[in-house]
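Please read them with the coordinates open.

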Amino acid sequence: MTHAMLKGSNVPLQATTVRAVLRWTPGQGVPDVDASALLLGPDDRVRSDEDFVFYNQPRHPSGQVWRLGKKRVAEGLTDTIQTDLSGVEPSVGRILLVASADGVTFDRVRSLRILLHDAAADAEPLAYFDVTPETGQETALICGELYRRGEGWKFRALGEGYSNGLRGLATDFGISVDESEGANDPMSAPRPDAASTSPAAASAASSSAPSQATPDQPTPARSIPAPPVVGPDHPTAVQPLPGPSRPLPPEQPTGVPAQPAYGYPQQPATAQPAYGYPQPDAGRPGYGYPQAPAAAGATGAQSGYGYPQPVTGAPDPDFRLPPQGPQFVGR
């Protein structure tokens, strides 16, 4: 029966030799993942630098913990650490199982899982744990640990992350890293070329060859063309259209009087005066306003209705009132 584990849970182990398999899904932009192991003494630190099993030191001197290397399976890529629990030295109380990415954060690693198998049987896994980074910025993860409990061993799911990579994690547990020139330090040695050992790197190298990639290889990276440069120094580039951003009114056909556009300011009309406003003197007197005196001998001048008229000469001595009715005869 396979145990699906949660973070912090543990399961007892009956097998004497176990394989801890790291598995992930490869793809475009997904980094290569490496499996490592740290053998810790009673003080939860390594006893020496030899207690660190990783890609530049793939086997412990005791011969009980070793790295099997990368392999392609149907579900993705794997890297495996195998341990003979029955032969581990009594001074070793814990064995940390670590995953690291070479300078790349684990938010780009897809479907990372650690599976624990009985190395003596090809049956289904004893347990598995889906490792999820807490922040995504980790470059190394303690996926789980094998630890003693009485006379037996147990496996615990951890998922603890480090942002300073495998070097920082190893230093935290007592590995001495000598970065001085000429130092004989496995951690300072360059990482082996994955192109000759891992199927993932081999498929990446084959992407540069003229042969076509097969379906079981990751899709090679494709270069994306840069967008065209737009500017006055590149006449072939598309230039923005000149003019205002709002649409212009439609043009009028030739020979048709221009019609004002709705909503735009119009020119003041000159042909028809506005009703109720004083009008310019056009030769006709305004109704109800005093009129200027007519010049002597002028014809066609009309006086304003209801206003006193100017005296234009001496009264006529022969003027007589017309005959009036009896009601107007003095009594």
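1. Is Glu145 buried or exposed? Glu145 is buried, with a relative accessibility of 3%. This is a predicted model, and the values in this note come from its atoms. The side chain of Glu145 makes a salt bridge to Arg94, at 2.6 Å from N to O. Glu145 belongs to strand E11 (residues 140–149) and Arg94 to strand E8 (residues 94–101), so the bridge ties together parts that are 51 residues apart in sequence. Arg94 itself is partly exposed, at 21% relative accessible area.

2. E11 and strand E12 (residues 152–162) run antiparallel and are joined by nine bridges. Within this pair, Arg156 of E12 stands opposite Glu145. Both strands belong to an open sheet of six, in the order E2-E12-E11-E8-E4-E5, with antiparallel pairing. The edges are strand E2 (10–13) and strand E5 (52–53), each of which pairs on one side only.

3. Helix H1 (residues 165–172) packs on this sheet, where it touches E4, E5, E8, E11 and E12. Its direction makes about 35° with that of E11. The buried residues in H1 are Gly165, Leu166, Gly168, Leu169 and Ala170. Their cover includes E4, E5, E8, E11 and E12. After H1 comes Gly174, which has a positive phi, near 105°.

4. Strand E7 (residues 76–84) deserves a separate look. Nine of its nine residues are buried, so E7 is largely enclosed by the rest of the structure. Strand E3 (residues 17–25) runs antiparallel to E7 and is joined to it by eight bridges; here Leu22 has Asp79 as its bridge partner. Strand E6 (residues 65–73) is also antiparallel to E7, again over eight bridges. E6 and E7 form a hairpin with two residues between them, and Val73 stands opposite Gly76 of E7.

5. Which residues are linked in a network of salt bridges? The network consists of Asp32, Asp34, Arg67, Lys70 and Asp79. Arg67 and Asp79 meet through their side chains at 2.8 Å, N to O. That pair links E6, which holds Arg67, to E7, which holds Asp79, across twelve residues of sequence. Arg67 also bridges to Asp34, with 3.6 Å between the closest N and O atoms. In this second case the partners are 33 residues apart, with Asp34 in strand E4 (residues 33–40) and Arg67 in E6.

6. Asp79 is buried at 0% relative accessibility. Asp34 is buried at 2%, and Arg67 is buried at 18%. Arg67 is under the 20% cut-off and so is counted as buried. Side chains of opposite charge can pair when their charged atoms come close. Over the whole structure, the search finds twelve salt bridges.

7. On the nonpolar side, the largest core has 39 residues, and Ile95, Ile114, Leu146 and Phe155 touch the most other members. Apart from it lies another core of 16 residues, including Leu38, Phe52, Val98 and Ile175. In soluble globular proteins, nonpolar side chains tend to be buried together.

8. What does Leu146 touch, not counting residues up to four places away in sequence? Its contacts include Leu13, Val18, Thr83, Leu85, Ile95, Leu97, Leu116, Trp153 and Phe155. Gly93, Lys154 and Arg94 are also among the residues that Leu146 touches. Arg94 is the salt-bridge partner of Glu145 from the opening point.

9. His117 counts as buried, at 15% relative accessibility. With neighbours within four places in sequence left aside, His117 is in contact with Thr17, Val18, Arg19 and Val21, among others. Its contacts also include Ala123, Glu124, Pro125 and Leu126. Val18 is a contact of His117 and of Leu146.

Note on methods: Residues numbered from 1 in each chain as written. Predicted model: local features only at pLDDT ≥ 70, side-chain atom pairs only at ≥ 80, totals over all residues. Heavy atoms only, no water. Buried < 20%, exposed > 50% of the residue type's maximum accessible area, 1.4 Å probe, protein only. Helix = DSSP H or I, 4+ residues; strand = E, 2+ residues; numbered from the N terminus. Pairing = 2+ DSSP bridges. Salt bridge = Lys/Arg side-chain N within 4 Å of Asp/Glu carboxyl O. Contact = heavy atoms within 4.5 Å. Axes fitted to C-alpha atoms, helices over the stretch in contact; angles between N-to-C directions. Core = buried A, V, L, I, M, F, W, Y, C linked by side-chain atoms within 4.5 Å.
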